[in-house]
Structure formats: C-alpha cells, structure tokens
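Let's take a friendly walk through a cluster of charged side chains. Have the sequence and the 3D view ready before you read on.

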Amino acid sequence: MKKNIIISGITLLICLYFSSCKKFLDVQSKEEVFESELLSTRDGVYSALNGIYQGLSDQDLYGKELTMGYMDALAQYYDTQSSYSPYFLSYKFNYDIKDYKNIFTMIWSKQYRLLLEINVLLENLEDPAFQVLAAEERDLLIGELYAVRAFLHFDLLRLFGPVYSSQPDERGIPYSSQQSLTAKPMLSAKDVMERIRQDLDRSLELLKNDPVLQYNGGPVQKYSSDYSSLRYFRFNYYACLLLSARVSLYAGDRKLALEHATKLIQETVNKFPFIANQAEALSDPVFSSETLFAIQNRNLNLIYNAYFNPALTDDEILAPHRLAQIYSSENDYRYVAWSSSGDIGDKNYRVFGKYSNISGKIAPNLEYFQPLIRKSEAYLIAAEAEPDLAKGQSYLQSLQIHRGLDPDLPPQPTQQALLEALTAEYTREFWGEGQLFFYYKRKNITTIPGSREKTNFLPPLPTVETDFR
C-alpha cells in the first residue's frame, strides 16, 4: 500500500506533463501502478525526474515563497507595514500569524513530498537490476537527485533549524533518505549537515563527467528534454560545486568553501559569462548567462501581476524598501535591471521588475526562466572564506566590476570593512532569490536593516510534523 501511495504522487506529476497519462490511467487505476511499471521505460524515468524539477517551481516553494515572496519579505526587501500588504507585519518576525503558519506548513509538507519522490526514483535507479538507462546516463541522473536532495534538506535546515554558527547541536530536522512514510527521527543540526555533506560528495563524484563541463557559454536556448543539453535546467556539476561551497561556509568549514568556490571560478572563466553592460542587463534581467541552475516557472507573469505590477495600488504592491540605501549607484546593473519606474501606475518610486515582461522585450526563452544558483555567489563565498584579507577583497572587487561599479573598498582592508562590504553585496545581489535572510541568519545579525524589531530566526515546526510524532 505504501508503494502505491508514493507512486500515485509521481503519477500525478507525470500527468501534468504528458497527455497520454489519461490513457494510461484508463488501463490501470492509481492503486495498481507500481514502481516497476512506471519506471520501466526511459520516458517514464524522465517523466518522474521532470516532475521533481517542476515541483521546485511550486509557488509555495521556489516559485515564490522561498525566493521573491516570504523569504525576501523577512529580509526586509519590501515595505510591509500597510495592513493591505501581502506580507503585512512580516517585519515583526511573528510566526504565529495564521497566514505565515500556513506558508511554513506548505513549505515543510511540499519539500518532504518532493524528497519522498526523489527517494523513490533513487532507490530504483540504484537497484543493480535496473537496466533501463545506460550506466553513464544513470549515474548522471543519480548525481542530480543526490544534489537536489541535499539542496532541499539544506534549505529546510536553514529555515527551521537553529543559528548553526552558535548552536550546531540543537534540534535540526528529519533527514529523508528512504521511500518510507514512517516518521524519520529528528536529528541535530550538525547531524543533518553531515548527511547533506555526504549527499553532495556522492553527487560530485557521480557528476564528474557531466556534459556541462564541455559547456562553452552563450545565450540560454529553448528548453530541451535532452538530458545532455541545457544543463542549467538540471542540477549539474557546477551547481552542485557551488552548493557545496554554500553549505561548507554555513557549516563553518571555510577551507572547503574556499576550495570549491575558487575551483568554480577558475573553471568557469569562459563559461556562464557575466552580464557585460547595462543594455545586456536590461535585455536579460534574470542574468541567465551566468546562472548555473534555474527552474522553469510558468507562473512568473502571474506572480508579477499579483505582487509587483505598478498598476497595483500602493497598499497592494510589494514596494521596494530602502532601495536608495541598497543600491548606492544608479550605474549598478542590478539596479538598472531589477528595479523599474512605476510610470504605468503613476508611482513616484521604482518597483521590482526582475521578473517583469511588461514591456514585451524579454526573449521568449527567458519568459519562465528563474535563477536559483548563480556564478556570482562563488565570488562572495571566496571573499569571505579567504584568510588573506587582500585576496578576499579582490574577489569582492571583481564582482563589483562585473556589476558596473568602481570598487569602493579601502586599499588596506580590515575584517570589519570586508564584512560590511560583503553584507552590502549580498543585499544587492540576491533580490528576488531568497538568499539574504539566510545570510543574516548565518551571521546571526540580530536586527536586520529596515526592521525595527529584533530578528527571530527560529520559526516553530509546523503542526503537520509535531502532531505526527
């Protein structure tokens, strides 16, 4: 019965992509669909895999709340003091408000549902009797799945776990590594981090022959189902390498963080090129050329119109907060591309326009393109992890140059000056991507700029978890 329940979830995801699913269900009911039948063909395997990737773009997950939505509201990117604001009172970090409890519940439930589906597919692919795919192709898919599993667990830990730098032995989250519906033990944050590390190590080994290593850069093309092409829509080797650097820095392993960040920088000098100028930034506001991993979010236009369109009233729109303080120069490519005038709605302030296609100028192949991991983060990680302050500052200066800025760092850097510059660049770099709040939590910055309240970094576990125990 457990297998049937699990597979019905994967089957429903496949139904979203293949119209032949109805015909399939006419032959057999959901209760009769077993793993061996569903994953007996190459198309079936990729249907399940694509369902997992599409699950990431759910609006309750990376399609909104974990990126441009609630996480960025907590990071104080938006003015949420109006009672009409979609994220009213988020600046108070009061997680007992019903709407926010619901958001956390959906994040928790849908992340673990995806993890269950990942484990189903992993256990089938790793079965010695599995012969549907050639060994090289199978290893590539297994490597991707381990990376996605680590990615999901890491964000759950960053959100629901303690401030890791000071409380690694405190309660973390359950780690889902089997296709079982039974409750998983609650692990310490340190134990969860160790399992994430193991999954990433396994992923990097399996992805060592990833076709992305042969990638020569260039513009994003139309999505393809060919596993060996357009690897930025898959959790590829470079995305995994940067995630490893991100995880290592969070865990306090600066040496490994620096090793993986600099390895990525060195190997992608001529790959995933940075946006070159303001004109390019305006035509490609998601900075797709430098994106290591992206999702296809077909609700981007819907979300933009509901939250960011300047035609919304002042009470309805998620208006930028402290924009002039964040972007000190109007030459900054990010300021140019990610904020736009509110002329359409007669706004006397600039609005968030990173995911807007209101002008119709966005290329069709970028209409649904939403970045989750970008090359620029490697420079920020290297700058922080490098023990030599001058070398660390050079990584930061390099990123600033790639953003159209004149480096404004002192010739003799201090630890405090570098930290302040890092915080400023994190704030500028990840608007709409959900990373800034986690930066504040990692650094345990108790009062986030733009909020008058002391930061609460520990939301309670959803009742769907606590009631299950």
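Is Glu425 buried or exposed? In this predicted model, Glu425 has 0% relative accessibility and therefore counts as buried, since the cut-off for that class is under 20%.

The side chains of Glu425 and Arg334 form a salt bridge, with 3.0 Å from N to O. Because Glu425 sits in helix α17 (residues 415-429) and Arg334 in helix α14 (residues 333-338), this pair ties together parts that are 91 residues apart in sequence.

Arg334 also meets Glu429 in a salt bridge, at 2.7 Å from N to O. Here too, distant parts of the chain are linked: Arg334 belongs to helix α14 and Glu429 to helix α17, 95 residues apart. Both of these residues, Arg334 and Glu429, are buried.

Now stay within helix α17, where Glu425 and Arg428 lie three residues apart, about one turn of the helix. Their side chains make a salt bridge of 2.4 Å, N to O, and both Glu425 and Arg428 are buried.

Beyond these pairs, salt bridges with shared partners join Glu290, Asp332, Arg334, Lys354, Arg374, Arg403, Glu425, Arg428, Glu429 and Glu433 into one network.

| Salt bridge | N to O distance |
|---|---|
| Glu425 and Arg334 | 3.0 Å |
| Arg334 and Glu429 | 2.7 Å |
| Glu425 and Arg428 | 2.4 Å |

For the model as a whole, the count comes to 25 salt bridges.

Key
Residues numbered from 1 in each chain as written. Predicted model: local features only at pLDDT ≥ 70, side-chain atom pairs only at ≥ 80, totals over all residues. Heavy atoms only, no water. Salt bridge = Lys/Arg side-chain N within 4 Å of Asp/Glu carboxyl O. Helix = DSSP H or I, 4+ residues; strand = E, 2+ residues; numbered from the N terminus. Buried < 20%, exposed > 50% of the residue type's maximum accessible area, 1.4 Å probe, protein only.
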